[in-house]
Amino acid sequence: MTQSAVTEAPVTGVDPPAVGRDLRRRWILLAVGLTAALVLPWFIYPPVAMDIVAMALFAIALDILLGYTGLLSFGHAAFWGSSAYVTGLIATHYGVPFPVAVIGGAVFAMILAVPLGYLSVRRSGIYFAMVTLAFAQMVYFIGYQWSDLTGGENGLQGVPRSFFGIDLVETDSFYFYYAALPILLLGMWAAWRIVHSPFGRVLMSIRDNTPRARALGYEVEKYKLIAFVLSAGLTGLAGGVFAINHGFVALTELHWSTSGEVVLMAVLGGIGTLWGGVLGAFLAVMLADYLASSGFHGIDLVTGTVFILVVLLFRRGLWGTVRHRWLVRQQRRTAAAGPAER
Amino acid sequence: MLAVTADARVAVRTRALTKVFRGFRAVDAVDLEVREGSVHALVGPNGAGKTTLFNLLTGFLTPTSGTILVFDEDVTGQPPERVARRGVARSFQITSLFETLTSREHVELALQGLTSQGFRFWRSEKLLGRDRARVEDLLEQVGLLRLADKPVGLLAYGQKRALELSLVLALEPRLMLLDEPTAGMGIEDVDRTIELIRRIAAGRTVVLVDHNMRVVGSLADRVTVLQQGRILAEGPYDEVRNDERVITAYLGEADHA
Ligand SMILES: Nc1ncnc2c1ncn2[C@@H]1O[C@H](COP(=O)(O)OP(=O)(O)O)[C@@H](O)[C@H]1O
Ligand SMILES: [Mg+2]
């Protein structure tokens, strides 16, 4: 009798990537996802649609660390928020087209990630989470104190949305969505490339068995640091677009609750899947938006409850569970088709 | 960097190597010398400190005191990846694999370990499979080729042990440390593994821990017996086997011999 790698293996709660590499299914998913991204602002208020896609990239960027490297960062608000501020400041003071400002913000997030990552990746497990949280709190404190630059508690107001003088994009959030979407999709593509690269394979081996990876000669800390910086950069892209989308940067973007929210989205959707981040962000933003527009005030209570329920009922998150079921079914079919080699 | 000395060249030399765990001396003032090109067996009852010694030699543990020289270079206190990059590969006593990857992916990872290809986050993972012939040759050597694309979670215990060996081999090491490579294997697998180790030992130095005396007897040029963290005896297999102290030390462990 064959055991199943899918049901037995995941100590990490992450499914084997090797099972069920079905290319056709991948392309269909991609087509569905892209179509959804393209029609989203027809069905959802465009600024909210933009938030969904930005948050999706945020969750995906976090997942590079959480799902693929096995590092729980609880300080990603530092990169999201600082990029939002830097993007806002560049846009305000230099009047450059917004994509340039966003890239500036992302670069800043990456630069910030170098020392923070350097000091964090030497820790693992809960200690890594604590160190990242502590650093993010420092960044929050700087944002709060340096109010000449950041507007302190009032936030950074009146961030312009320049786009080569194209009026429609600059004034209409529907068109802005389509102008900003390529940046976020590019970020998602980059995340996909990273996790499906030789580098990504090393990250997964570090996640699965760090001592073994070391014994093979892998300089684990270097890999973790690079993953950290890349994750911060993609987070920065998302945070920058978010800032331009709102024309405003609130101090909340640096707050620890933002770090918690993105962890929640990633876990809700399912870590180590990339698509999980998209699903998690979609659900979390839609739920928050629905509750807010119905005048409900206990948003955190409801999202928190949903989160706990999902984690209890679906250990692998929503997308992770769907994927897992699919893999098990596929494996059964393969097993039935031919006698398994033992 | 060839420090040629009058006597045979030395692959590993430890001086007064000691590891203390909360007052317990797991490795106690060990002076070990492994000649280059030899197969050197490390035997001793359970808890003698063999695995701890391996962990010290490969940087997984930092010695409490003493020094470690590998190919005449001081590696004391260096992290595992640095030691690995000096051509030292180890297998793990407790099978230690990446549960979600296939055998093929394991070997691909091992082949890439000493290069800088692993940093290429902008390339496709297909790059890893470029040296297909070499990957398949390594899997063939340990008899795993037909199982190459199974996640290792599905492999039998003996097959996992074999994969461990192929990972060590993939590193093309100058020095191999094998921690109980035949533990839990059936008799045919043991024979095959002995042949495999004999073959791969050519031109390399091997330090081998094994409880199976047939394995030790047929492979080892020299044997060091450890007991309670100390070296009890050392010499050629036949000499050590008949040493009275060794026989006494092993009496309680007769089932392993
Ligand atoms: N990390 C550790 N912490 C505390 N004690 C340890 C540790 N590793 C090994 N030991 C102890 O050191 C002794 C030697 O263990 P080990 O080197 O595994 O022996 P062997 O491999 O010869 O069977 C044992 O008594 C074991 O309990
Ligand atoms: Mg041992």
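## Salt bridges across the model

Over all chains, the count comes to 23 salt bridges, a salt bridge being a side-chain nitrogen of Lys or Arg within 4 Å of a carboxyl oxygen of Asp or Glu. The structure is a predicted model, in which local features need pLDDT of at least 70 and side-chain atom pairs count only at pLDDT 80 or more, while totals for chains, interfaces and linings use all residues. Side-chain values use heavy atoms, without hydrogens and water, residues are numbered from 1 along each chain as its sequence is written, and chains are lettered from A and ligands numbered from 1 in the order in which they are written.

## A pair between chains

A:Arg201 and B:Glu125 form a salt bridge with an N to O distance of 3.8 Å. This pair crosses between chains: A:Arg201 belongs to helix α10 (residues 198–208) of chain A, and B:Glu125 to the loop between α3 and α4 (132–141) of chain B. Helices (H or I, at least four residues) and strands (E, at least two) are DSSP runs, numbered from the N terminus. Both A:Arg201 and B:Glu125 are buried; buried means under 20% relative accessible area, exposed over 50%, and partly exposed in between (1.4 Å probe, protein chains only).

## Pairs involving helix α4 of chain B

Within helix α4 of chain B, B:Glu136 and B:Arg132 lie four residues apart, about one turn of the helix, and their side chains meet in a salt bridge at 3.3 Å, N to O. B:Arg132 is partly exposed, at 49% relative accessible area.

B:Arg134 pairs with B:Glu172 in a salt bridge whose closest N and O atoms are 3.0 Å apart. The two link distant parts of the chain, 38 residues apart, with B:Glu172 in the loop between α5 (157–170) and β8 (175–179) and B:Arg134 in helix α4 of chain B.

## Magnesium site

The magnesium ion (ligand 2) is coordinated by B:Thr51 (OG1) and B:Gln93 (OE1) at 2.0 to 2.3 Å. Donors are N, O and S atoms within 2.8 Å of the metal (3.2 Å for Na, K and Ca); water is not among the atoms, so sites may look incomplete. B:Thr51 lies in helix α1 of chain B, whereas B:Gln93 lies 42 residues away in the loop between β7 (88–90) and α3 (103–112).

Among the residues around ligand 1 are B:Phe21, B:Asn46 and B:Thr52, a residue counting as near if one of its heavy atoms lies within 4 Å. α1(B) gives the most to this shell, with three residues. A backbone N or O atom of B:Lys50 lies 2.8 Å from an oxygen atom of ligand 1.

Key
Polar contact = N/O pair within 3.5 Å; in protein donor to acceptor, adjacent residues only side chain to side chain.
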